Amino acid sequence: MSKQHLGHTARKRFGQNFLHDNYVIDQIVSAINPQKGQHMVEIGPGLGALTEPVCELLDELTVVELDRDLAARLRTHPFIASKLNIVETDALKYDFSQLISEDTPLRIFGNLPYNISTPLMFHLFSFANKVQDMHFMLQKEVVNRLAASPGNKNYGRLSVMAQYHCQVIPVLQVPPGAFNPPPKVDSAVVRLIPHQQKPVSLINEDTLHTVCAQAFNQRRKTIRNSLKNSLNEQQLIDLGINPELRAENLSLQDFAKIANAVETYTLDSSNN
């Protein structure tokens, strides 16, 4: 099958793989379940595989598209152009809070380019309190990482941070043949529902980021070593956390304890 699809060539640098399998598209749209009056936002509409069926169910849809050619096609789309609010920008840099009105939280969805999916989710988590839910098509491995629990080989910084912000629900698996060109990996759709109330309370969210990065950047080491720039062995023991453990053995609750302790010691030392 050629890479030409409706006259648009998939661009490698944008990580473009276009969905074309109608059965899979129907399943995804059913999972998203768009309703009139909701504020729906699609990231990376591409050739409109999800955009068109979602638009059939809505009066308006906001789409964020970086590729100029694709944005231009959507502007002149014979059926849905009038329903679209097209934001031509890089979703990684876009301030999604611009789209938020008081009463209607955002519902975000998209077939995310694999090369930016992880940083993009971290970016979107910063708007989580304004978002009702998110549905993303991702590399299956990324969905496994989002949903992984402690002790699992896929468990890492993304798991901890995603689960701090959201309930993570894998929805369906999608084979490579559903795309054009077919990617070399399996894909999956995940539903992320931001917590109304976070599962742990933190003094400073950034500190959770920092300790997770320190711990997982050296995941083969015990936390006595990987976290030594943040807490010493005795401080870990005082928190009830075994310094012999590795990052992948620690729960979100453990990381929150560590982050709050780091924050408290930092505040104490700056006040003394």
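How many aromatic pairs does a search of the whole structure find? The search turns up five, where rings of Phe, Tyr and Trp (its six-membered ring) pair if their centres lie within 6.5 Å, and planes under 30 degrees apart count as stacked, over 60 as edge-to-face and the rest as tilted.

Before you click, some housekeeping: this is a predicted model, in which local features need pLDDT of at least 70 and side-chain atom pairs count only at pLDDT 80 or more, while totals for chains, interfaces and linings use all residues. Residues are numbered from 1 along each chain as its sequence is written, and side-chain values use heavy atoms, with hydrogens and water left out.

**Stop 1: the rings**

Select Tyr-94 and Phe-96. Their rings are edge-to-face, 5.0 Å centre to centre with 80 degrees between the planes. Tyr-94 is buried at 9% relative accessible area, and Phe-96 is buried too, at 0%; here buried means under 20% relative accessible area, exposed over 50%, and partly exposed in between (1.4 Å probe, protein chains only).

Next, pick Phe-122 and Phe-125. Both are in helix H4 (residues 117-125), three residues apart, or about one turn of the helix. Helices (H or I, at least four residues) and strands (E, at least two) are DSSP runs, numbered from the N terminus. The ring centres of Phe-122 and Phe-125 are 6.1 Å apart and the planes are at 80 degrees, so this pair is edge-to-face. Phe-122 is buried at 16%, and Phe-125 is buried at 3%.

**Stop 2: a charge over a ring**

Go to Tyr-164. The charged end of Lys-198 sits over its ring, 5.4 Å from the centre; the rule asks for NZ of Lys or CZ of Arg within 6 Å of the ring centre and within 35 degrees of the ring normal.

**Stop 3: salt bridges**

The count here is eight, taking a side-chain nitrogen of Lys or Arg within 4 Å of a carboxyl oxygen of Asp or Glu.

- Asp-59 and Lys-36: the closest N and O atoms are 3.7 Å apart. The pair links distant parts of the chain, 23 residues apart, and Lys-36 is exposed at 57%.
- Lys-93 and Asp-90: 3.1 Å, N to O. Lys-93 is exposed at 69%, whereas Asp-90 is buried at 17%.
- Arg-219, Arg-220 and Glu-248: select these together to see a network of salt bridges.
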